[in-house]
Each structure stands twice: as structure tokens, then as C-alpha cells.
Amino acid sequence: MSTDFRIGQGFDVHAFGDGDHVVLGGVRIPHNRGVLAHSDGDVVIHALCDAMLGALALGDIGVHFPPSDPRWKGADSRMLLRHCDGLLRERGWRVGNADVTVVCERPKVGPHATAMRANLAADLGIDIDTVSVKATTSEKLGFTGRGEGIAAQAVCLLVRA
């Protein structure tokens, strides 16, 4: 049985390390820490890519962009997102809407959410009003609460292109 929609969910996490910024949704945000990652460590985009790939049972970003491959060292995650979108479109699908939640105590996401939404929408070729980026803290609990890292979860609906 075929459907005209698919739903996917994704999750990503990176530990904080040395640095002076983080990249979230393709936006460089000043911060007193960076992230430990093979690429730019953009948890927003990584979680969204996993949601998109998962909706079509295409694996995860580790399958498509393995950390063992030096081509992805320091890669701009927006390039990864556009590649994943291309995989969907080759198969006759597109993102209908996406919802991403960032989990961290800092940096503050709210002031940058509109710019993140604009980046994601532009890379996916969809309207900004179909992309949501929001944040929550973990009430100082767990690794995000202790400021040891940052996480994001995403869900997306794919529709026939």
C-alpha cells in the first residue's frame, strides 16, 4: 500500500568543546564554547537530515556522510541538508513541513530562530511558514542542563513532489 505522505524523526547531540561559536540552522551564533564534531556540528540540520532520511528509510546522516570520510571534515551542514533534499526529490518527495526543537541552556536560540527558519526553508525550497525552530532548556538536568553539550530533535512530514 502506498501513501501520499511519510513522517520521519531525527535526533542529534554534540558535546561542547573549545571555540567561540556554535552553528545552528546554518546561523553562526557567538558562544563561549564550540562543539566537538567532524562537520560544523549543526545539531539542528543534523537532526532534520535524519528525520528526512528516516521518513524514506534511507538510513541516517552517518551512512551518507561518514565521519571517517575526510571530505566531510568541517563541512557546512547546509550542504548536507541540500544533498538530503535532493535524495528525497529524486524519489518524488519533498518536505511538507518540519519542526525542530533545540535543547540547551545556552546559547539562547530565540533571537536566531527566524534566521534559522529562513535558511532551512531556502535550502529545502519550501515556504518559511512550513518550518518551525524552537528551543527548550532541560531545567539544568542532564548533560544539556550542565552545559556539557547541545541537542536537537526534529520531525518532518514528506509529501509527494
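**Reading the salt bridges**

Tutor: Asp85 and Arg89 are joined by a salt bridge, their closest N and O atoms lying 2.9 Å apart. The term denotes a side-chain nitrogen of Lys or Arg within 4 Å of a carboxyl oxygen of Asp or Glu. This is a predicted model: local features need pLDDT of at least 70, side-chain atom pairs count only at pLDDT 80 or more, and totals for chains, interfaces and linings use all residues. Residues are numbered from 1 along each chain as its sequence is written, and side-chain values use heavy atoms, with hydrogens and water left out.

Student: What separates Asp85 and Arg89 in helix H3?

Tutor: Because they are four residues apart in helix H3 (residues 77–90), about one helical turn separates Asp85 and Arg89. Helices (H or I, at least four residues) and strands (E, at least two) are DSSP runs, numbered from the N terminus.

Student: Is Asp85 buried or exposed?

Tutor: Buried means under 20% relative accessible area, exposed over 50%, and partly exposed in between (1.4 Å probe, protein chains only). With a relative accessible area of 7%, Asp85 is buried, whereas Arg89, at 36%, is partly exposed. Salt bridges that share partners also join Arg78, Arg82 and Asp123 into one network.

Student: How many salt bridges does the structure hold?

Tutor: In general, side chains of opposite charge can pair when their charged atoms come close. The structure holds nine salt bridges. One of them is between Asp4 and Arg160 (3.9 Å, N to O). This pair links distant parts of the chain, with Asp4 in the segment before S1 and Arg160 in strand S7 (residues 149–160), 156 residues apart. Asp4 is exposed at 58% relative accessibility, and Arg160 is partly exposed at 36%.

Student: Which strands form a hairpin with two residues between them?

Tutor: Two strands pair if DSSP finds at least two bridges between them. S2 and strand S3 (residues 27–30) pair in the antiparallel sense over four bridges. S2 and S3 form the hairpin, and Gly25 in its turn has a positive phi of about 60°. Val23 belongs to S2 (residues 21–24) and stands opposite Arg28 in S3. At a relative accessible area of 14%, Val23 is buried.

Student: How many aromatic pairs does the structure hold?

Tutor: Rings of Phe, Tyr and Trp (its six-membered ring) pair if their centres lie within 6.5 Å; planes under 30 degrees apart count as stacked, over 60 as edge-to-face and the rest as tilted. The structure holds one aromatic pair. The ring centres of Phe65 and Trp72 are 4.9 Å apart and their planes stand at 90°, so the pair is edge-to-face. Both Phe65 and Trp72 are buried.
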